[in-house]
Amino acid sequence: MKKLIVVWFALLAVFGVVWGQEALTGKLEIFSWWAGDEGVALQALIDLYESMYPGVEVINATVAGGAGINAKAVLKTRMLGGNPPDSFQVHAGQELIGTWVIAHRMEDLTWLFEEEGLLEAFPKGLIDLISTEEGIWTVPLNIHRSNLIWYIPENLKKWGVKVPTTWEEFLEIAPKLQEQGIIPLALGRNWTAQHLWESVALSVLGPEKWEALWEGGLSFTSPEMIKVWDLFGQILQYTNEDAPSLSWQQAVDLVVNGTAAFNVMGDWAAGYMTSTLGLEPEKDFGWAPSPGTQGIFMMLSDSFGLPIGAPHRENAIAWLKLVGSKEGQDAFNPLKGSISARVDSDLSKYNVYSQSAAADWRSNTIVGSLVHGVVANERFMDGFATVMEIFLASRNSQQAAMAAEAIAIQSGISK
């Protein structure tokens, strides 16, 4: 009799899980900017969700545009208009805290972290990044690295150059590449210039002064920051003239097809080159920390939260549980070029690039990205795009520094 009771309760447990999954019906709207080449990873996660909850219709509300520029504008209209998606992609850090948490538009997820064991699954520093004294606000899906330079090993060998370890070395080899008809550094539209800028700034400032910049301890008009803009201007002399018309993928393509030697981009470039172009890391393409940033890991984290007033709240909670799970992260990240935000990911599922990134994540000095929402709120980020446009047109370091300082004051970074 006891055995029958045990079997009966075991069956109840099994069918309870199945019934619980089937009981979820209706819709789930997931809002992100992962379109095209990046959409493959998101679709893998959606497919996993649909296999778990077949009664739910998932609406993939993607708004294309590098770094989420277009998506953030649409999201702002929806959130302020009282029409939030069920869950949306947002960069962990000030993009989340300084925009939607401070506006009281997000639900506290502390209970979910406790229920799902996520307090132990994620590094404390990452949890701190997504938290305030009032709660935990989003579930990290991945860790990306911003400060990387990409190249094709065979091409560098053919051109007789090596990967620069400093920007001074880059400026020495750039004319040699130009003499051979090669673009030294591939660049895309405005946000990719900002992406390059933050790696240049990190190389000049180092991790301590980089952090001080965002904590009000270093002025944007300081001599160090003027030096950043001066060096950035020198580097821009060796980029492609058609940069304003190119996506980040097209800038990577210039490197792959041998038109350009290098590209500074985050490691979603690895996902693009492996998943879309079919290239093999180490063999077909190489990478290194962007010049002058060896031993530093400039990070960003894509995450999903729960907006107050989400139309399908229970379905969104099930999505967040999947996003935070080992299974969900290990399905998504190998395709995206990122690494799992969890400390227990299965590295055997990741390629050699991602395994090296995981090792660096555990051993390097960690700092946050500007362009990808970690260190500054959206008010500053929006204004900085204008600063970049001004500098790309004028190449005036003093003017750019003063404009950045004004925006820092307006956004509450500088006093």
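These legends describe an overview and several close-up views of a predicted model.

The model is predicted, with local features needing pLDDT of at least 70 and side-chain atom pairs pLDDT 80 or more, while totals for chains, interfaces and linings use all residues. Residues are numbered from 1 along each chain as its sequence is written, and side-chain values use heavy atoms, leaving out hydrogens and water.

**Figure 1. Overview of the protein, with 18 helices and 15 strands.** Helices (H or I, at least four residues) and strands (E, at least two) are DSSP runs, numbered from the N terminus. The radius of gyration is 22 Å, which agrees with the value near 22 Å for a compact globule of 415 residues. It is taken over C-alpha atoms, and the globule rule is 2.2 Å times the number of residues to the power 0.38. Along the principal axes, the C-alpha atoms fill a box of roughly 85 × 50 × 35 Å. Of the 415 residues, 55% count as buried. Buried means under 20% relative accessible area, exposed over 50%, and partly exposed in between (1.4 Å probe, protein chains only). Contact means heavy atoms within 4.5 Å. Among contacts between residues at least 6 apart in sequence, 78% join residues at least 24 apart.

**Figure 2. The aromatic pair Trp150 and Tyr353.** The whole structure holds 28 aromatic pairs. Rings of Phe, Tyr and Trp (its six-membered ring) pair if their centres lie within 6.5 Å; planes under 30 degrees apart count as stacked, over 60 as edge-to-face and the rest as tilted. Trp150 and Tyr353 are tilted, at 5.6 Å centre to centre and 55° between the planes. The pair links distant parts of the chain, 203 residues apart. Trp150 sits in strand S8 (residues 148–151), Tyr353 in helix H16 (residues 352–363). Both Trp150 and Tyr353 are buried.

**Figure 3. A second aromatic pair, Trp197 and Trp210.** This pair is also tilted: 6.4 Å separates the ring centres, with 50° between the planes. Trp197 and Trp210 are both buried. They belong to one aromatic cluster, together with Trp214, Phe220, Trp229, Phe232, Phe380, Phe384 and Phe391.

Figure 4. The buried residues are Trp268, Ala269, Ala270, Gly271, Tyr272, Met273 and Thr274. Gly278 follows H13, with a positive phi near 70°. Most residues other than glycine have a negative phi. Glu282 counts as exposed, at 57% relative accessibility.

**Figure 5. His104, with a positive phi.** His104 is a residue other than glycine, and its phi is near 60°. The loop that holds His104 runs between helix H4 (94–101) and helix H5 (110–116). With a relative accessibility of 66%, His104 counts as exposed.

**Figure 6. Leu322 in helix H14 (residues 313–324).** Leu322 counts as buried, at 4% relative accessibility. Neighbours within four places in sequence are left aside here. Leu322 is then in contact with Leu45, Leu48, Tyr49, Met52 and Gly328. Between Leu322 and Val139, the C-alpha to C-alpha distance is 9.8 Å. In sequence, Leu322 and Val139 are 183 residues apart.
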